[in-house]
Amino acid sequence: MNKSIKLSLTARQEEHWGWIMVAPTIIGLIVLNLWPFIQTLYTSFCEHLGFGHYKFIGLQNYIEMFQNAEFWRATWNTVLFCILTVPLGLFLSLLVAMLLNAKIKGKGIFRTIFFLPMVCAPAAVTMVWRWIFNGEYGILNQLLGAHVGWITDPNFVMISCAIVAIWSNIGYDAVLLLAGLQNISKSYYEAASIDGAGKVRQFFSITLPMVSPTLFVVMIMRLMASIKVYDLIYMMVEDTNPAVTSVQSLMYLFYRESFVAGSRGSGSAIVIWTVVLIGLVTIIQFVGQKKWVNYDV
Amino acid sequence: MKRSSLEQSKKITIILTYVVLILGAVIMIFPFVWMLLTSSKTVPESMQIPPTIFPAQLMLDNFKEAVASLPFANLYLNTTLMIVFRVLCAVVFSSMAGYAFAKLQFRGKNILFAVVLVQMSLPSQIFIIPQYQMVAKMGLANTIFALVFPGIVSAFGVFFLRQTYLGIPNEIAEAAYLDGCNQWQTFTKVMFPLTGTSVAALTVFTAVFAYSDLMWPLVVNSDLKMMTLSSGLATLRGQFSTNFPVLMAGSLLAMLPMVILYLIFQRQFIEGIASTGGK
């Protein structure tokens, strides 16, 4: 009897402490995220009249958005950016990770160098890439003896941005994949060697299936980040550059609509559309993973 | 005979590995070297055809010009304060909530944790317009508070530290409790000190992402004196669209503090960011 009262007392105390300890986080999340999320959703059905005043206009923002060529171009640019950067970026990262996993000297130095772009603000590193890619005096054209307008020609600007994106993320992804590779027991490779399996065979029958769960996580992360790409493209191609429509991502368009043009209603509609897109991609990924990700290790 | 050919092929593999890695490392490091070399050139020198690799002389004129056009002292201070406050908030609030979600029983726990997960899976841009309106309404645009504002709570931090606390055996908390600690003392004196590695990882993660963030500082602080290094550089880009030596000098100044910290604490940086991977 006495004991159960004491127990319920401690349980009640525990409950109080639980609430107190999560309170700052939960209040913060409600004020900073939950309420703004509802507001953005509502704003996407409104017209911004200026000074924070809104008028409800129903689906008008969405109808205009779906009829807008610039919006579809931005959606396509975002998809294209993912196609250009994610598979090639993952392939190169896996290659670097595998090379760093070999028995070599100076691993630490290589890892430090490959990881370096991660700690440099995109605003700073894109500056030097703009200089390298400069059409008239850039070192790349000088080396190639070409006259390509890497960031002014609509046909090349997306490729240039994709190169910078891959260069920026390769070290980070490689470090994550390396952790996955290091978990593979050496005995698998020894057994395969004795059975006469070559390096290529070993890669496809041991390395790839064993690293596939890590690869899946890195891929999801990279895809999500690529759909939300903004800073890199914004710094590479300013909005006065005529090539901007050929590379403008959804989040870039969102920034221009909401904070340059001031149409927060259509800006909100763009961001809601992006969330829907992210949701779709996530569902496709999680359905697709059953075909190639191997969890029985 | 067979053995020696096997050894030879092994040797070739090793050499090939080095060749590819060194080639990759050169590509990775070249932009930084080029930035450094250009920052010491005059404008006509930088535009010479064929280009010169090394600057004619080492000079600081471009750095002086960058410092004259951007208030770098303010940018360093603003960026540092933003990072310090965001890290403090993330560590303190996320540790408390992470511990509670992992170790305490209370009503509403699951639904509250679901709020954390939902926030994590949404892109930050979905909150940005209303967050900006809140800051503007409070009359706090162009302040340090505005820079810190979206980082006051870190849903990711809560998720990450909850994982850490789940990995600590319950017996440790129970022992502290039997020794007469209350829940708060158990947390601050016994459990929190055990999470050093994770707290360090969260610190590095929060600092690097706050430092890189561009959209929020651009939106909320338009006064040049209240900008961060990232958003300040964005305005420098418009100011010197063709003066690349000055742009390179400015970028170097913006990168330098973080790169130095990185070179000193490489292991903490790399392992910290890698362990928070998945975000």
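The domain assignment of chain B gives domain 1 (2-60) and domain 2 (63-275), with bounds that come from an automatic or database domain assignment. The model is predicted: local features need pLDDT of at least 70 and side-chain atom pairs count only at pLDDT 80 or more, whereas totals for chains, interfaces and linings use all residues. Residues are numbered from 1 along each chain as its sequence is written, and chains are lettered from A and ligands numbered from 1 in the order in which they are written.

In chain B, the centres of domain 1 and domain 2, taken over C-alpha atoms, are separated by 34 Å. Contact (C-beta atoms, placed from the backbone, within 7 Å) joins 9 residues of domain 1 of chain B to 9 residues of domain 2 of chain B. On the domain 1 side, α1 and α2 (43-46) of chain B each supply at least two residues; helices here are DSSP runs of H or I with at least four residues, numbered from the N terminus. The most comes from α1(B), with 3 residues. This side of domain 1 of chain B divides into 4 nonpolar, 4 polar and 1 charged residues, where Ala, Val, Leu, Ile, Met, Phe, Trp, Tyr, Cys and Pro count as nonpolar, Asp, Glu, Lys and Arg as charged, and the others, Gly among them, as polar.

Chain A is likewise divided, into domain 1 (2-43) and domain 2 (70-292). The centres of these two domains of chain A, taken over C-alpha atoms, lie 38 Å apart.

The contact between the chains takes 73 residues from chain A and 77 residues from chain B. Helix α1 (residues 2-38) of chain B provides the largest share of the chain B side, 13 residues. That side consists of 56 nonpolar, 18 polar and 3 charged residues.

Helix α7 (residues 157-182) of chain A and helix α15 (residues 266-275) of chain B have axes that come within 10 Å and cross at roughly 75°. The two helices are therefore roughly perpendicular, a term for angles of 65 to 115 degrees. In α7(A), A:Tyr172, A:Val175, A:Leu176 and A:Ala179 meet B:Ile270, B:Ile273 and B:Ala274 of α15(B). The residues of this contact comprise 7 nonpolar, no polar and no charged.

The predictor assigns the complex an ipTM of 0.90 and a pTM of 0.91. Mean pLDDT, the predictor's confidence in each residue from 0 to 100, is 90 for chain A, where 97% of the residues reach 70 or more. Chain B averages 90, and 98% of the residues score at least 70.

How values were computed:
Axes fitted to C-alpha atoms, helices over the stretch in contact; angles between N-to-C directions. Parallel < 35°, antiparallel > 145°, perpendicular 65-115°, else oblique. Contact = placed C-beta atoms within 7 Å.
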